[in-house]
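Subject: Structure handover

Hello,

Here is the structure I promised to pass on. Please open it alongside this note; my findings follow below.

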Amino acid sequence: IFKEDTYIHEGIIVHFWEALGQISPEITQDLVTDLASRALCEVAGDTFPRSIVLHDLLRGFIKHELHDTQATHQALVSAYQNTQMGAGWHTVPDDGYFYASFAYHLQQAGALDILRHSLFDYPFLQAKLNATDMISLIMDYDYLSDDPPVKLVQSVLVMSKDVLDSMPEQLPVQFYDGLLSI
């Protein structure tokens, strides 16, 4: 269910499989090591948490075996929801993956209402911008490209990219100014 050719933090896999109630953290780490020894994944790092990229062959097999990838994406979203430190998605701790890939998993889970809400939620947008970069934030809006208000906000972000790249705390001012200029 993870994006192709994307490094996945081992802690995310441990958390996800543990949330599904299927595999303990120790067994997950051993499984990753075994898959790497068989050249079915690439592992960066020697100690936990490592970064992992699945081999295309293993990725294809998993996708074939899952049958219902939407439910798997929903399970991952639910596992992250359980990590919220307060009310709202912006309270999910930054693990290096969540903010970069949340929109993708929501779209794949069919949770377009949550995706749309997050794309208009200032605390979430600021948290994502703090955790990633403008390109990642702007690209999230492509998942709802047929929605005119979503495209409007995306266009404001595109116009504000240069400023927000260097001063992400200026997000509210850039939104205000950008919306006034349209």
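A residue counts as buried when its relative accessible area is under 20%. Tyrosine 80 has a relative accessible area of 5%, so tyrosine 80 is buried. Please keep in mind that this is a predicted model.

**Overall layout**

The protein has ten helices and three strands. From the N terminus, the elements run β-α-α-β-β-α-α-α-α-α-α-α-α. Along the principal axes, the C-alpha atoms fill a box of roughly 55 × 35 × 30 Å. The protein has 182 residues, and buried ones make up 37% of them. Take the contacts between residues at least 6 apart in sequence: 51% of these join residues at least 24 apart.

**Aromatic pairs**

There are eight aromatic pairs in the structure. One of them joins tyrosine 80 and phenylalanine 98.

A second pair is formed by phenylalanine 102 and phenylalanine 124. Here the centres lie 5.6 Å apart and the planes are at 50 degrees, so this pair is also tilted. Phenylalanine 102 belongs to helix α5 and phenylalanine 124 to helix α7 (residues 122-131). The two are 22 residues apart, and the pair links distant parts of the chain. Phenylalanine 102 is buried at 3% relative accessibility. Phenylalanine 124 is buried at 2%.

Which residues do ring pairs link into a cluster? They are Tyr80, Trp89, Phe98, Tyr99, Phe102 and Phe124.

**Core**

The largest nonpolar core holds 42 residues. Phe2, Tyr80, Trp89, Phe98, Tyr141 and Leu157 touch the most other members. Tyrosine 80 also has contacts beyond its neighbours within four places in sequence: Ile12, His15, Trp89, Val92, Asp95, Tyr97 and Phe98.

Leucine 137 is in helix α8 (residues 134-140). Leucine 137 is buried, with a relative accessible area of 0%. Setting aside neighbours within four places in sequence, leucine 137 is in contact with Leu125, Lys128, Leu129 and Leu157. Leucine 179 lies 42 residues from leucine 137 along the chain, and their C-alpha atoms are separated by 17 Å.

**Helix α1**

In α1, the buried residues are Glu10, Ile12, Ile13, Val14 and Phe16. The buried residues of α1 pack against β1 (8-9), α2, β3 and α4. Glycine 21 follows α1, and its phi is positive, near 75 degrees.

**Largest pocket**

How much space lies in the largest pocket? About 430 Å³. The lining has 19 residues, and Phe2, Phe16, Trp17, Leu54 and Ile62 are the closest to the pocket centre. At least two lining residues come from each of α1 (10-19), α2 (25-37), β3 (51-54) and α3 (56-66). By type, the lining divides into 17 nonpolar residues, two polar and no charged.

Best wishes

Definitions and conventions. Residues are numbered from 1 along each chain as its sequence is written. This is a predicted model: local features need pLDDT of at least 70, side-chain atom pairs count only at pLDDT 80 or more; totals for chains, interfaces and linings use all residues. Side-chain values use heavy atoms; hydrogens and water are left out. Rings of Phe, Tyr and Trp (its six-membered ring) pair if their centres lie within 6.5 Å; planes under 30 degrees apart count as stacked, over 60 as edge-to-face and the rest as tilted. Buried means under 20% relative accessible area, exposed over 50%, partly exposed in between (1.4 Å probe, protein chains only). Helices (H or I, at least four residues) and strands (E, at least two) are DSSP runs, numbered from the N terminus. A nonpolar core is a set of buried Ala, Val, Leu, Ile, Met, Phe, Trp, Tyr and Cys residues joined through side-chain atoms within 4.5 Å. Contact means heavy atoms within 4.5 Å. On a 1 Å grid over the protein atoms alone, a cavity is a set of points where a 1.4 Å probe fits but cannot get out, and a pocket is an open set with protein on both sides within 12 Å along at least five of seven lines; lining residues have an atom within 4 Å of a point. Grid points are joined across faces, edges and corners, and a volume is the space filled by probe spheres set on the points. Ala, Val, Leu, Ile, Met, Phe, Trp, Tyr, Cys and Pro count as nonpolar, Asp, Glu, Lys and Arg as charged, and the others, Gly among them, as polar.
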